Amino acid sequence: MVDTSKHLTVAERVERLLETGDPLPIVAAGDPVLRRVAEPYDGQLDDALLARFVTALRETMLAAPGVGLAAPQVGIGLRIAVVEDLARGPREALEAKGRVPLPFRVLVNPSYEPEGDTRVPFFEGCLSVPGWQAVVARHARVRLRARDEHGRAIDEVFTDWPARIVQHETDHLDGTLYLDVAHARSLSTNEAVARHWSRPTPEEAARELGFELP
Ligand code: ZN
């Protein structure tokens with residue numbers, strides 16, 4: 001089958017994608033779009049189309065369910081991501097992870113830099129790597145610069161679990177998957193995590209699976 005979508009502009013590809021309806025199909029690891037550095041957003045979509053695209057990204061994230069989704073995960077190589085975490089679940093696990101509610105945000109052209117040297121290890125997963133989780137030692141605190149969907153500047157410090165989410169999503173826009181920065185020996189199926197590694201922190205997993213925590 002000839003892929004004619006390569007000849008379309010990104011706006012035409014987004015239009016075509018939105019015709020598939022919510023939730024959008026999520027691209028899985030192995031698709032090259034997840035490995036390319038996404039193009040900076042510079043008005044390629046008009047305001048109405050950007051608004052529709054962002055709504056579809058949010059619906060797709062919530063339906064998955066997930067706490068973040070980057071445009072390349074629906075096959076669009078633009079530097080746009082959405083994040084939102086209602087932080088529901090057992091209180092012990094939420095507190096151990098510093099998982100506090102992260103209100104819905106649109107991140108356009110985000111970049112982050114760590115503040116301080118502290119890294120915190122936890123299991124995390126990705127909608128583009130379904131069924132698996134691995135431990136990633138993420139910066140505990142990052143300064144995120146971006147624009148929102150209206151072009152307003154975002155310059156904000158994120159900590160704990162929200163910091164993890166914005167790092168994970170921004171990394172997607174650079175063609176990086178969490179597996180690239182995870183402890184490879186921690187790789188576990190969702191079932192294995194539920195069965196063996198349901199403790200809030202990964203010390204026991206590190207001991208039993210044989211990887212070093214920071
Ligand atoms: Zn992901």
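Reader: Which atoms coordinate the zinc ion?

Author: Look for the donor atoms around the metal. In this predicted model, the zinc ion is held by SG of Cys126 together with NE2 of His168 and NE2 of His172, at 2.1 to 2.3 Å. Water is not among the atoms, so the site may look incomplete.

Reader: What spacing do the donors follow along the chain?

Author: The pattern is C-x41-H-x3-H. Cys126 sits in the loop between β4 (119-124) and β5 (132-139), while His172 belongs to helix α4 (residues 160-173), so this pair ties together parts 46 residues apart in sequence.

Reader: Are Cys126 and His172 buried or exposed?

Author: Buried means under 20% relative accessible area. Cys126 has 8% and is buried; His172, at 1%, is buried too. Across the chain, buried residues account for 43% of the 214 residues.

Reader: How many helices and strands does the chain have?

Author: The chain has 7 helices and 8 strands. Of the contacts between residues at least 6 apart in sequence, 68% join residues at least 24 apart.

Reader: What radius of gyration does the chain have?

Author: Compare the value with that of a compact globule. For 214 residues a compact globule would have a radius near 17 Å, and the chain has 17 Å, which agrees. The C-alpha atoms fill a box of roughly 50 × 40 × 25 Å along the principal axes.

Technical notes. Residues are numbered from 1 along each chain as its sequence is written. This is a predicted model: local features need pLDDT of at least 70, side-chain atom pairs count only at pLDDT 80 or more; totals for chains, interfaces and linings use all residues. Side-chain values use heavy atoms; hydrogens and water are left out. Donors are N, O and S atoms within 2.8 Å of the metal (3.2 Å for Na, K and Ca); water is not among the atoms, so sites may look incomplete. Helices (H or I, at least four residues) and strands (E, at least two) are DSSP runs, numbered from the N terminus. Buried means under 20% relative accessible area, exposed over 50%, partly exposed in between (1.4 Å probe, protein chains only). The radius of gyration is taken over C-alpha atoms; the globule rule is 2.2 Å times the number of residues to the power 0.38. Contact means heavy atoms within 4.5 Å.
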